[in-house]
Amino acid sequence: YKLKKSKMTNLVLFGPPGAGKGTQATILKDHYNLKHISTGDVFRFNIKNETDLGKLAKAYMDKGQLVPDTVTIEMLKAEVRQASEGNGFIFDGFPRTVAQAEALEEFLNEEGTQVSAMIALEVDDEILVQRLLERGKTSGRPDDANELVIRKRIKVYYEETAILKQFYLKEDKYYGVDGVGSIQEITSRLKEVIDQLV
Ligand code: B4P
């Protein structure tokens with residue numbers, strides 16, 4: 001890494017499906033020179049290229065389920081190890097389970113760094129459904145095309161992922177941000193939080 005690992009800024013962008021994680025991470029990575037790792041994007045890349053990982057992931061993603069932890073964690077580690085420069089990472093869509101959060105903590109510790117903050121985008125369920133249905137009209141994503149699958153993803157979020165708020169609250173690293181408004185408004189809210197950290 002270009003920067004000393006102990007000085008890296010590693011952000012977890014958090015929130016339910018459709019909260020704007022991918023949208024905001026793409027903007028923030030350039031502003032802060034962070035490496036953006038989206039587990040959803042890596043899975044979709046593998047699906048497109050018909051790799052073994054892609055075939056496995058597709059079976060879960062199309063149904064709105066999470067891909068198994070062991071597979072996702074190994075993939076995440078490989079992505080982090082590949083990065084060669086930047087001021088740190090912005091994790092988008094990872095961790096999504098307690099096992100993933102524990103693995104991330106242990107792995108970053110081994111690498112001589114840690115999670116700086118989890119920033120959560122807070123958005124009501126009905127707005128999430130509307131956004132994802134809207135994206136489904138053009139994205140070609142099977143998991144956006146069908147309202148039942150979208151609602152399943154939101155249900156999985158509450159059952160398996162939402163608990164991570166407690167995990168990072170305990171470490172005093174949790175920041176909640178209102179995720180409703182224009183994309184620019186939300187970027188400003190996120191920058192206000194991040195500027196205090198970097
Ligand atoms: P992801 O790719 O992470 O997809 P997501 O939850 O839908 O969030 P995304 O980032 O796409 O949405 P965004 O808010 O940017 O995951 C997909 C699947 O991959 C999962 O269901 C799972 O199967 C698998 N997976 C991924 N990571 C995993 C992990 N760690 N463990 C296990 N499985 C994993 O955008 C949504 C829409 O809202 C966009 O159309 C955007 O334009 C719009 N939008 C954004 N901001 C807006 C705003 N302010 N106002 C209006 N619209 C807005």
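Reader: What is the mean pLDDT of the protein chain?

Author: The mean pLDDT (the predictor's confidence in each residue, from 0 to 100) is 95, and 97% of the residues reach 70 or more. This is a predicted model, in which local features need pLDDT of at least 70, side-chain atom pairs count only at pLDDT 80 or more, and totals for chains, interfaces and linings use all residues. Residues are numbered from 1 along each chain as its sequence is written. Where pLDDT is low, the predicted coordinates should not be read in detail.

Reader: Which ipTM and pTM does the predictor give the complex?

Author: The complex has an ipTM of 0.86 and a pTM of 0.93.

Reader: How many helices and strands does the protein chain have?

Author: There are 9 helices and 5 strands. Both are DSSP runs numbered from the N terminus: helices (H or I) need at least four residues and strands (E) at least two. Read from the N terminus, the order is β-α-β-α-α-α-β-α-β-α-α-α-β-α.

Reader: What makes the protein chain as compact as a globular protein of that length?

Author: Its radius of gyration, taken over C-alpha atoms, is set against the globule rule, 2.2 Å times the number of residues to the power 0.38. The chain comes out at 16 Å, close to the 16 Å that the rule gives for 198 residues, so the chain is as compact as a globular protein of that length. Its C-alpha trace spans about 45 × 40 × 30 Å along the principal axes.

Reader: Why is glycine 18 called buried?

Author: A residue is buried if 20 or more other C-beta atoms lie within 10 Å of its own, exposed if 12 or fewer, and partly exposed in between, with C-beta atoms placed from the backbone. Glycine 18 has 26 such neighbours, so it counts as buried. You will find this glycine in the loop between strand E1 (9-14) and helix H1 (21-32). Alanine 19 is in the loop between E1 and H1 too, and it is buried because it has 23 other C-beta atoms within 10 Å. For the protein chain, buried residues make up 35% of the 198 residues.

Reader: Which residues does alanine 19 touch, not counting residues up to four places away in sequence?

Author: Alanine 19 touches Leu121, Val123, Leu128 and Gly179. Two residues are in contact if their C-beta atoms, placed from the backbone, lie within 7 Å. Glycine 18, with neighbours within four places in sequence left aside, is in contact with Leu128, Arg131 and Leu132. Across the protein chain, 75% of the contacts between residues at least 6 apart in sequence join residues at least 24 apart.

Reader: What makes glutamate 134 exposed?

Author: Glutamate 134 has 12 C-beta neighbours inside 10 Å, so it counts as exposed. This residue is found in helix H6.

Reader: Why does lysine 63 count as partly exposed?

Author: Lysine 63 has 14 C-beta neighbours inside 10 Å, so it counts as partly exposed. Its place is in the loop between H3 and helix H4 (69-82). Beyond four places in sequence, lysine 63 touches Val149 and Lys152. Lysine 63 and lysine 152 are 89 residues apart in sequence, yet their C-alpha atoms are 7.9 Å apart.

Reader: How many residues surround the ligand?

Author: There are 29, and the closest are Gly20, Gly22, Gly40, Gly93 and Arg135. A residue is near a molecule if its C-beta atom, placed from the backbone, lies within 6 Å of it. At least two residues of the shell come from each of H1, helix H2 (39-48), helix H3 (52-61), helix H6 (125-139) and helix H9 (183-195).

Reader: Which positions does the UniProt annotation "binding site" cover?

Author: In the unreviewed UniProt entry, one "binding site" annotation covers Gly18, Ala19, Gly20, Lys21, Gly22, Thr23, Arg135 and Gly181. Such annotations may be inferred rather than shown by experiment. Positions in another "binding site" annotation of the unreviewed UniProt entry include Gln100 and Arg141.

Reader: Is glutamine 100 buried or exposed?

Author: Glutamine 100 has 21 C-beta neighbours inside 10 Å, so it counts as buried. Its place is in helix H5 (residues 98-110). Arginine 141, in the loop between H6 and helix H7 (147-161), has 16 such neighbours and therefore counts as partly exposed.
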